[in-house]
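Below are my notes on the aromatic contacts. They are set out as numbered points.

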Amino acid sequence: MTTEFDTTSTTLPPAVNRRFCIAPMMEWSDRHCRHLWRLISHHAVLYTEMVTTGALLHADPARFLRYHPTEHPLALQLGGSDPVALAKCSRMAEEWGYDEVNLNCGCPSDRVQNGMIGAILMAHPTKVADCVKAMQDSVSIDVTVKHRIGIDDMDDYAGMAHFVETIAKTGCKTFIVHARKAWLQGLSPKENREVPPLRYDRVYQLKQEFPELEIVINGGLHTLAQCEEQIVQVDGVMVGREAYTNPYLLAEVDQRFYHDHHEIKSRQEIAAQFVEYCQEQMSEGQLLKYMTRHMLGLFQGLPGARRFRRHISENAHKPDAGISVLEDAIGLVNF
């Protein structure tokens with residue numbers, strides 16, 4: 001069984017329903033993690049880790065672009081600021097069958113700033129508009145933008161509104177807004193996710209003033225109840241680290257956000273299906289540790305969860321680790 005998307009398909013992807021999205025997270029939202037999420041929710045929109053245009057154009061694209069066919073709806077997030085390179089990479093995304101390509105204008109890392117990638121682009125709305133236009137002209141799938149409410153001293157609503165309006169003139173309709181500004185100097189990426197205050201009101205105002213745009217809100221969302229409160233004000237929500245540390249949060253997403261009332265899987269059922277996936281991947285040469293690390297939060301709150309995590313942490317990294325390591329770990333949980 002192949003685990004990569006069949007690129008010979010000519011079927012156009014369905015429209016993406018972004019009522020509930022899971023954020024791109026560096027070193028976390030890889031294809032193994034996304035598969036686990038998809039076992040729990042059929043409809044949540046999944047985003048890849050940010051992939052720079054340089055990585056795609058000058059390395060092995062399959063390393064970054066391959067994914068399991070079950071992952072749809074799936075978006076590729078790109079990092080870059082050169083319109084030509086972004087257009088080429090957007091075409092690659094479409095050829096590989098992605099449903100959306102997203103431009104990162106929110107990452108505050110020093111490493112990406114030096115390449116004019118991420119949040120620093122908020123200071124250059126015309127450049128971003130040129131990039132988005134080039135991307136749109138090269139593909140038929142949706143091109144979207146993820147950004148902050150501001151950066152450094154550009155922290156008023158007017159600055160963000162100008163950024164969005166400039167890009168929206170290209171025809172871009174979807175903006176995913178992290179409701180914190182970013183400090184490009186003095187704060188680490190982790191601190192930039194926690195220290196600047198959340199300003200949901202500015203995202204609400206953006207939706208009110210640009211009702212024709214699809215506005216998805218991101219930042220500080222930890223429960224489905226919080227997400228449902230946001231949907232009253234905007235078009236969709238994007239959850240980040242909570243989905244990683246507590247993936248079973250997603251168990252009721254389809255019912256509460258997409259009106260799909262299929263039977264909710266138990267954690268035990270999800271674990272059993274992920275064991276099958278791991279076996280499949282290991283038969284193709286993948287190491288167990290690259291998959292099990294994403295499962296550590298699945299049994300959060302259950303008796304035996306700590307024993308499960310310890311067994312995985314102590315054994316999955318060993319060169320000869322087999323599927324029995326995962327099966328034995330699951331057996332330590334009291335369901």
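1. Phe-299 is buried, at 1% relative accessible area; buried stands for under 20%, exposed for over 50% and partly exposed for what lies in between, with a 1.4 Å probe and protein chains only. The model is predicted, so local features need pLDDT of at least 70 and side-chain atom pairs pLDDT 80 or more, while totals for chains, interfaces and linings use all residues. Side-chain values use heavy atoms, without hydrogens and water, and residues are numbered from 1 along each chain as its sequence is written.

2. The count of aromatic pairs is six (ring centres of Phe, Tyr or Trp, the last by its six-membered ring, within 6.5 Å; planes under 30 degrees apart are stacked, over 60 edge-to-face, the rest tilted). Trp-28 and Tyr-244 are stacked, because their ring centres are 4.2 Å apart and their planes at 15°. Trp-28 sits in the loop between strand 1 (20-22) and helix 1 (31-40) and Tyr-244 in helix 11 (residues 241-245), so this pair ties together parts 216 residues apart in sequence. Helices (H or I, at least four residues) and strands (E, at least two) are DSSP runs numbered from the N terminus.

3. Tyr-244 is buried at 11% relative accessibility, whereas Trp-28 is partly exposed at 25%. Arg-241 lies over the face of Trp-28, 4.8 Å from the ring centre (NZ of Lys or CZ of Arg within 6 Å of the centre and within 35 degrees of the ring normal).

4. Phe-299 and Phe-335 pair edge-to-face, at 5.4 Å between centres and 75° between planes. Phe-335 is partly exposed at 47% relative accessibility. Ring pairs link Phe-299, Phe-308 and Phe-335 into a cluster.
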